[in-house]
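Student: Hi! I have a protein model open and I'd like to walk through it with you. Can we start with how the helices pack?

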Amino acid sequence: MNTATATKIEAILYLKGKPLSLGEIAEYAACDRATVEEGMMELIDDYARRDSALEVVETPNGYSLQLRSDFHDLVQTIIPVELGLGALRTLAAIALNSPILQSDLINLRGSGVYQHVPELVELGFVRKRRDSDSRSYSLQVTPKFHQYFQIEQLPQILATNQQEQQLELDLELKAEAEAVAE
């Protein structure tokens, strides 16, 4: 086996940027499958011995040159997140009403919330917790949201119904009473 074949396979995996079968690699490399198998083993072994950010792995769809999992946090930091318009609007609604019950968010934004919330949670922009007072989930933005969008503080939404206003007044009076008691 020569290193030139392994290097050619490395170039093919890099250029294609997706998993490839041994047959596909053999076709691109213009050589037989056995030569590709030997080159692939050499390449995998070479990457395993290197102290590299990349690795060659076998996936269900074929062989792939990819970033080692140790560097996935770095990817999240460097590569901008691509959110669809609907998910972005859902995130804005959560941010402006944080915390908000998922059921209230569905009433506000519609059933698309069921797809948006898991995506926003996975990206780390939203925290989802079971609400103790209802069967819904409580949603709120995370510090990553503030850091990513460079927003230190969001404007406070004015309470629109008397019940919310009364609750805020009760909390303020309770806080004042506790402050006097101290």
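Student: Okay, H1 and H2: at what angle do they pack?

Tutor: This is a predicted model, and in it helix H1 (residues 3–16) packs against H2 at an angle of about 110°, with the two axes 10 Å apart. That angle makes H1 roughly perpendicular to H2.

Student: Which residues in H1 and H2 meet?

Tutor: From H1 you have Lys8, Ile9, Ile12, Leu13 and Lys16, and they meet Ile25, Tyr28 and Ala29 in H2. Sorted by class, this contact has six nonpolar and two charged residues, with no polar ones.

Student: What's up with alanine 30, what is its phi?

Tutor: Phi of alanine 30 is near 55°, which is a positive value in a residue other than glycine. You'll find alanine 30 in the loop between H2 and helix H3 (33–49).

Student: Switching topic: where in the chain is confidence highest, and where is it lowest?

Tutor: Helix H2 (residues 22–29) has the highest confidence, at a mean of 94, and helix H9 (residues 162–181) has the lowest, at 68. Across the protein chain the average pLDDT is 83, and 84% of the residues score at least 70.

Student: Good to know. Next, H5 and H6: how do their axes cross?

Tutor: Helix H5 (residues 85–97) and helix H6 (residues 102–109) have axes that come within 11 Å and cross at roughly 125°. That makes H5 oblique to H6. The crossing is right-handed.

Student: And which residues make that contact?

Tutor: On the H5 side they are Gly86, Arg89, Thr90, Ala93, Ile94 and Asn97, and on the H6 side Leu105, Leu108 and Arg109. By class, the H5 and H6 contact has four nonpolar, three polar and two charged residues.

Student: What about H6 and H7, how far apart are their axes?

Tutor: The axes of H6 and helix H7 (residues 113–122) are 10 Å apart, and the helices pack at an angle of about 125°. H6 and H7 are therefore oblique to each other. Their crossing is right-handed.

Student: Who's touching whom there? Which residues of H6 and H7 make the contact?

Tutor: H6 brings Gln102, Leu105, Ile106 and Arg109, while H7 brings Val113, Tyr114, His116 and Val117. Those residues divide into five nonpolar, two polar and one charged.

Student: Let's look at the strands. What is the order in the open sheet?

Tutor: The open sheet has three strands in the order E3-E5-E4, and the pairing is antiparallel. Strand E3 (100–101) and strand E4 (126–130) are the edge strands, as each pairs on one side only.

Student: How many bridges link E3 and E5?

Tutor: E3 pairs with strand E5 (residues 137–141) over two bridges, in the antiparallel sense. Isoleucine 100 stands opposite leucine 139 in E5, and the bridge partner of leucine 101 is serine 138.

Student: And how many bridges join E4 to E5?

Tutor: Five bridges join E4 to E5, and these strands run antiparallel. One example is lysine 128, whose bridge partner in E5 is leucine 139. Another is arginine 129, which has serine 138 as its partner in E5.

Student: How many residues sit between E4 and E5?

Tutor: Six residues lie between E4 and E5, and the two strands form a hairpin. As background, side chains in a regular strand alternate between the two faces of the sheet.

Student: Which helix lies across those strands?

Tutor: H5 lies across E3, E4 and E5, and it runs at about 90° to E5.

Student: One last thing: which residues does the cis peptide bond join?

Tutor: The cis peptide bond joins serine 98 and proline 99, with omega at about -5°. To find proline 99, look in the loop between H5 and E3.

Conventions. Residues numbered from 1 in each chain as written. Predicted model: local features only at pLDDT ≥ 70, side-chain atom pairs only at ≥ 80, totals over all residues. Heavy atoms only, no water. Axes fitted to C-alpha atoms, helices over the stretch in contact; angles between N-to-C directions. Helix = DSSP H or I, 4+ residues; strand = E, 2+ residues; numbered from the N terminus. Parallel < 35°, antiparallel > 145°, perpendicular 65-115°, else oblique. Left-handed = near helix turned anticlockwise from the far one by under 90°. Contact = heavy atoms within 4.5 Å. Nonpolar A, V, L, I, M, F, W, Y, C, P; charged D, E, K, R; others polar. Pairing = 2+ DSSP bridges. pLDDT = per-residue confidence, 0-100.
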